Amino acid sequence: QFDYRIKSAGNPCSGDFNLSVVDADTMTYQWYKDGIALVGETGPSLSGIQDAPGDYQVRMLGPNSCRISPVFKHKIPSFTTFVDTLICRDEVVFFNQTNLSSPGEYVDTLQSFAGCDSIVYLRLA
């Protein structure tokens, strides 16, 4: 009997990310995202979903069986950093391509080395 769980491979923030199940000659496949069939996705693997978070499943039909995989929850990883900084009068902090001199809360979204979002929250006081 085959392992019907979905496996992931590749970097979840780049085009090489994919999901797959065991490839058996006697099976036909249909992939689903959030309970909706994905048109044309009828093979043992699914790619091109790095920017599409959601709950994925695959239905596998064989000559004498029908199986549905457990849900694979695809989340796009992001890294968050919180920075608290004190500034003095007439001091300037360079952040998000801007010189900041007023207290407040600021946000910048960058791309990490792996291609995922890296969010920086800056609080100037």
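Me: Where does Ser69 lie?
Reply: Ser69 lies in the loop between β7 (66-68) and β8 (72-74). Strands are DSSP runs of E, at least two residues, numbered from the N terminus. This is a predicted model, in which local features need pLDDT of at least 70, side-chain atom pairs count only at pLDDT 80 or more, and totals for chains, interfaces and linings use all residues. Residues are numbered from 1 along each chain as its sequence is written, and side-chain values use heavy atoms, with hydrogens and water left out.

Me: Why is Ser69 called buried?
Reply: Its relative accessibility is 1%. Buried means under 20% relative accessible area, exposed over 50%, partly exposed in between (1.4 Å probe, protein chains only). So Ser69 counts as buried.

Me: What does Ser69 touch, not counting residues up to four places away in sequence?
Reply: Ser69 touches Tyr4, Ile6, Gln57, Val58 and Met60. Contact means heavy atoms within 4.5 Å.

Me: What makes Phe82 and Tyr121 a stacked aromatic pair?
Reply: Their rings are 5.1 Å centre to centre, with 10° between the planes. Rings of Phe, Tyr and Trp (its six-membered ring) pair if their centres lie within 6.5 Å; planes under 30 degrees apart count as stacked, over 60 as edge-to-face and the rest as tilted. So the pair is stacked.

Me: Why does the pair tie together parts that are 39 residues apart in sequence?
Reply: Because Phe82 lies in strand β9 (residues 78-85) and Tyr121 in strand β13 (residues 117-124).

Me: Why is Phe82 called exposed?
Reply: Phe82 has 66% relative accessibility, so it counts as exposed. Tyr121, at 34%, counts as partly exposed.

How values were computed
Helix = DSSP H or I, 4+ residues; strand = E, 2+ residues; numbered from the N terminus.
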